[in-house]
Amino acid sequence: MIDLCHNAGIRCKYDGRTDKTPGWKYSHWEQKGVCLRLEIGPRDLENNKCVLVRRDTGEKIFVPLNELIN
């Protein structure tokens, strides 16, 4: 997924820390000014989708993985 984003010219970071909770990670990256969060979990992978969350509005956008770059 990261390679796909980088190849499309999108900067991204993977936060795979297991010692922090998801809520802590969300807050950490929001404080750094990241404007869009991409969430992918095991169920999302099974359903071939992901969730994009906007920092400014909190809006959650459900996107099929094959349409993510578009």
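## Buried or exposed

A residue counts as buried under 20% relative accessible area and as exposed over 50%; partly exposed lies in between (1.4 Å probe, protein chains only). By this scale, Gly33 is partly exposed, because its relative accessibility is 34%. Across the protein, buried residues make up 20% of the 70 residues.

This is a predicted model, in which local features need pLDDT of at least 70, side-chain atom pairs count only at pLDDT 80 or more, and totals for chains, interfaces and linings use all residues. Residues are numbered from 1 along each chain as its sequence is written, and side-chain values use heavy atoms, with hydrogens and water left out.

## Overall layout

The protein has 3 helices and 3 strands. Helices (H or I, at least four residues) and strands (E, at least two) are DSSP runs, numbered from the N terminus. Along the sequence, the pattern reads α-α-β-α-β-β.

How far does the C-alpha trace of the protein span along its principal axes? The spans are about 30 × 25 × 25 Å.

The strands form an open sheet of 3 strands. Their order is β1-β2-β3, and the pairing is antiparallel. Strands β1 and β3 stand at the edges with a single partner strand each, so one side of each has no neighbour in the sheet. Neighbouring strands are turned by 25° against each other on average, direction ignored. The axes behind this angle are lines fitted to C-alpha atoms (for helices, over the stretch in contact), and angles run from 0 to 180 degrees between N-to-C directions.

Two strands pair if DSSP finds at least two bridges between them. How many bridges join β2 to β3? There are 5, between β2 (residues 49-54) and β3 (residues 60-64), which run antiparallel. Cys50 stands opposite Val63 in β3, and Val53 has Lys60 in β3 as its bridge partner. The hairpin of β2 and β3 has 5 residues between the strands, and Gly58 there takes a positive phi near 75°.

## Salt bridges

Side chains of opposite charge can pair when their charged atoms come close. A salt bridge here is a side-chain nitrogen of Lys or Arg within 4 Å of a carboxyl oxygen of Asp or Glu. The whole structure holds 4 salt bridges.

Between Glu39 and Arg37, the closest N and O atoms are 2.8 Å apart. Arg37 is buried because its relative accessibility is 18%. Glu39 is also buried, at 15%. Glu30, in contrast, is partly exposed, at 37%.

Another salt bridge joins the side chains of Asp56 and Arg54 (2.7 Å, N to O). Asp56 is exposed, with a relative accessible area of 57%. Arg54 has 33% and counts as partly exposed.

## Surface patch

Which residues make a nonpolar surface patch? Leu4, Ile10 and Ile69 do, and the patch covers about 220 Å². Patches are made of residues with over 30% relative accessible area and no salt bridge; like charges are joined within 9 Å, nonpolar side chains (Val, Leu, Ile, Met, Phe, Trp, Tyr) within 5 Å. Accessible areas come from the Shrake-Rupley method with a 1.4 Å probe; for residues, only the protein chains shown count as cover.

Leu4 sits in helix α1 (residues 2-7). Its relative accessibility is 41%, so Leu4 counts as partly exposed.

## Two glycines in loops

Gly33 lies in the loop between α2 (22-31) and β1 (36-39). Gly33 and Asp56 are 23 residues apart along the chain, and their C-alpha atoms are separated by 10.0 Å.

Gly16 lies in the loop between α1 and α2. Gly16 is partly exposed, with a relative accessible area of 37%. How far apart in space are Gly16 and Leu68, C-alpha to C-alpha? The distance is 20 Å, and the two residues are 52 residues apart in sequence.
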